[in-house]
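Visitor: I would like to learn how to read the features of a structure, one at a time. Please give the general idea, then the case at hand.

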Amino acid sequence: MMGVPDTATKIKKMEIRGAGKIAKAASEALREEAEKYRGKDSDEFILYMKKCGNILLDSRPTAVSLHNGIFLTLKDMEKGKTVPEIKKKIVSNSKKFVADSEKALKKISAIGEKLISDGDVILTHCNSQAALSVIIEAHRKKKNIKVYATESRPWGQGYISSAQLAEAGVDVTLIIDSCVSTVMDEVDKVFVGADTVTVKGELYNKIGTSQIAAIAKAKKKKFYVCCETYKFSPVFRKQNVIVEERDPSEITGTRKISGKIKVFNPVFDRTEPKYIDAIITEKGKIRPTDAKSLSVKTFGKEKSE
Ligand code: RUB
């Protein structure tokens, strides 16, 4: 277990990455901070835990999972009157959040695999635990599938995905991102994860997702988003989703380029709902137009409208 500052640094540096993993790591870090707190004043403890939550929140801006994971872990802590009571609440919230996340992934894999038929060629982008769990479950059900995994520059998360798929015994082919159009004729279905799904049913996911969705639509291929409901975003209903931009050196690497050249490195992009056939959640398969009602069910009307 790591404390809050270490976890926030690891998230910033992408040593812990992926919307689900950062949310769980943040929740566990808050649990650890709460458990090791030695003060006696409950108001000070609450302030301290809020400060810890804010440190984690600042580590990556786009994935609403991080916000929701922190919110659900610190939820109702004010109802505790003493430090031990507050600690108990935070610890049980965190355990519940992590356990629910794991259960959600299992449900998503069970629901999603039904969308995969024997003989399907699938394309996935970046490295999503939710999307891979669906694909691996279909393979486990003995469906004969072939997967294209995009490299996902600049970080190369596709190397992680292809290794995980190969390890599970799936027939996987790694491609560069600009090869998507070339293979799309052969592809039947695209499965990707989510960092945020807004109440309008827009998807924020790894940069390049929206291009893949547009190509899939143009070639009449199915485009599915696999995501736990804690990636639905009541917080971004009024403010726009902040798309993280990272250091240009992540793109240029060791290449020397002229100082006159600007480099733009946004990490995520927005896919319009019209490109999405369905969003697979632990509460079922929904259309993007149902994102608002699912958000209301999950987070309450006041937060989601
Ligand atoms: C990861 C990414 C993933 C989503 C969903 O980006 O875009 O598709 O986070 O992943 P990064 P999961 O590597 O920059 O964090 O389904 O595992 O939550």
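Guide: Start with a pair: V192 has V225 as its bridge partner in strand 7. Strands here are DSSP E runs of at least two residues, helices are H or I runs of at least four, and both are numbered from the N terminus. Two strands count as paired if DSSP finds at least two bridges between them. The model is predicted, so local features need pLDDT of at least 70 and side-chain atom pairs count only at pLDDT 80 or more, while totals for chains, interfaces and linings use all residues. Residues are numbered from 1 along each chain as its sequence is written, and side-chain values use heavy atoms, leaving out hydrogens and water.

Visitor: In which sense do strand 4 and strand 7 pair, parallel or antiparallel?

Guide: Strand 4 (residues 189–192) and strand 7 (residues 222–226) are parallel, with four bridges between them. Strand 7 also runs parallel to strand 10 (residues 278–281), joined by three bridges. V225 has I279 as its bridge partner in strand 10.

Visitor: Is strand 7 largely enclosed or left open?

Guide: A residue is buried under 20% relative accessible area, exposed over 50%, and partly exposed in between, with a 1.4 Å probe and protein chains only. Four of the five residues of strand 7 are buried, so the rest of the structure largely encloses that strand.

Visitor: What is the strand order of the seven-stranded sheet?

Guide: The order is 3-2-1-4-7-10-11, in an open sheet with mixed pairing. Strand 3 (171–175) and strand 11 (284–286) are at the edges; each has a single partner strand, so one side of each lacks a neighbour in the sheet. From one strand to the next the twist averages 25°. Angles run from 0 to 180 degrees between N-to-C directions, on axes fitted to C-alpha atoms, for helices over the stretch in contact. Helix 7 (residues 157–167) packs on this sheet and touches strand 2 (146–150) and strand 3, with a direction at about 165° to that of strand 3. Contact means heavy atoms within 4.5 Å.

Visitor: With which side chain does S161 make a polar contact?

Guide: A polar contact is a pair of N or O atoms within 3.5 Å; within protein, one must be able to donate a hydrogen and the other to accept it, and residues adjacent in sequence count only if both atoms are side-chain atoms. S161 is placed in helix 7, and its side chain makes such a contact with the side chain of N127 at 2.9 Å. S161 counts as buried, at 0% relative accessibility. Apart from neighbours within four places in sequence, S161 is in contact with C126, N127, S128 and L132.

Visitor: How many cavities of 30 Å³ or more are there?

Guide: Rolling a probe the size of a water molecule over the atoms shows where empty space is left. On a 1 Å grid over the protein atoms alone, a cavity is a set of points where a 1.4 Å probe fits but cannot get out; a pocket is an open set with protein on both sides within 12 Å along at least five of seven lines, and lining residues have an atom within 4 Å of a point. Points are joined across faces, edges and corners, and a volume is the space filled by probe spheres set on them. The count is one cavity of 30 Å³ or more. The largest cavity holds about 260 Å³ of space. It is lined by 22 residues, of which R17, G18, A19, N127 and S128 are the closest to its centre. Helix 2 gives the largest share of that lining, four residues.

Visitor: Which element gives the largest share of the lining of the largest pocket?

Guide: Helix 5 does, with seven residues. The volume of the largest pocket is about 410 Å³. Among its 15 lining residues, L72, K96, F97, D100 and T298 are the closest to the centre.
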